[in-house]
Structure formats: C-alpha cells, structure tokens
Amino acid sequence: NGYMSVAALRSGTIADLQVAFATTANWTGTNTSRTSWPTTPLQVSLGRVPDAIEYEALRDLYIATSGDKWNINYNWLQGKTAADFATWFGVQVQDNDVVSILLHDNNLAGSLPASIGNLTQLRSLTLANHSRMTGPLPTALGRLRQLTRLTLFRSGFTGGIPIELTNATNLQTLELFENPLGGVLPSTLGR
C-alpha cells in the first residue's frame, strides 16, 4: 500500500507543488495515523509545459550551439526544474514555464534544434549576432504560438523562412536581417 501526502504549497497556490510518497515498507509501527512518515520528494511541474520537456529543449539548444564554448553559460544544465531554469543565464521563467531566451552576442555556434518548438510558452527568442550559427530555421518554430519576438539577425541561418512560422500568430517582431536566407516571405506571416 502506498500513501500520498501534499508536502508543501507556496502562498496557498498550486505553484511549485511538492508531493511526497511513502509506503508502509519504509516506516515502522502499527498506527496508521503516524504523523512523521519517511518520504521521497518528487517535484511536480504545474506549468503548462512539463519541466522534463523544457529541460530537453534547453539541453538540446545548449548542445547544438556549443554551449560549453559560449561567452556566458552560467548555471546551464544545473538542475531540471523550472526553478532551476530561472537561474540559467539568459533564461526567463514565469508561472513555471520558460517564456524568454536571451542569448544574443554570446558565441553560439551550430544549428537551432527542432526541439525548441517544444517550449510552447516561449514569448521571446533572441539569438542574434552569431555568425557561426548554421542551417535552416526549424519548422518547429511554428509551434511557438505564444511567441511575440523572434530575433535572429546577423547569424548564419540559411534556407527559407518556414511557412510554419505563420502559425506563430502572436508574433509582433521578426528580425532576420543579415542572414543568408532565400526564398519568398510567406504572405500570411504576421496576420
């Protein structure tokens, strides 16, 4: 038999809920009303995007863009929760979700991973001034429906602007200048 109890609620809200599990195998006594149970804490993300998904996308960004060689990579990959991400250089978290990544002029090199599209609460992505960025803009950018600002100017992105980007219906600022992009600007972009 297992028992579950709520270990902590902050400010009477559901934010940062920590749940603790205990089983009859790890406590002694016959009285089931025991007040001090041994517990194993388990962090539960109550943001819209699970922490594990956000961690994977952020980790992929770090690895794909040579994060170990960034000018500043303070705290990156330290911890796996939204509270941890909030301590990572250039990452902003609100309501337990990643809402902004600001890493302009930080020596990023490589390609933008498709998993960036899993950060569905992202509102601002700024990766400008990185001449060693390569490859096409991922079509997964179109999954970022909350995105209001996409700033990728003076980088090495190639190919066209993906038509899927038109799905980012909240997009207000799109800065892609000084990239060797080609093709036609999607006519429905910004509508």
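**Nonpolar core and fold of the predicted chain**

Leu58, Trp76, Ile101, Leu125, Leu127 and Leu141 touch the most other members of the largest nonpolar core, which holds 35 residues. A nonpolar core is a set of buried Ala, Val, Leu, Ile, Met, Phe, Trp, Tyr and Cys residues joined through side-chain atoms within 4.5 Å. Two or more residues come from each of helix H1 (51-64), helix H2 (82-85) and strand E5 (97-102). H1 gives the most, with five residues. In soluble globular proteins, nonpolar side chains tend to be buried together.

The model is predicted: local features need pLDDT of at least 70, side-chain atom pairs count only at pLDDT 80 or more, and totals for chains, interfaces and linings use all residues. Residues are numbered from 1 along each chain as its sequence is written, and side-chain values use heavy atoms, with hydrogens and water left out.

Leu141 contacts Leu112, Ile116, Leu125, Leu150 and Leu165. Thr126 lies in strand E7 (residues 124-126). Its relative accessible area is 7%, so Thr126 is buried (under 20%; exposed is over 50%, partly exposed in between; 1.4 Å probe, protein chains only). Thr126 contacts Ile101, Leu102, Leu103, His104, Arg149 and Thr151.

The chain has two helices and ten strands, assigned as DSSP runs (helices H or I, at least four residues; strands E, at least two) and numbered from the N terminus. Along the sequence the pattern reads β-β-β-α-α-β-β-β-β-β-β-β. Of the 191 residues, 39% count as buried. Among contacts with a separation of 6 or more, 50% join residues 24 or more positions apart.

Note on methods: Contact means heavy atoms within 4.5 Å. Lists of a residue's contacts leave out its neighbours within four places in sequence.
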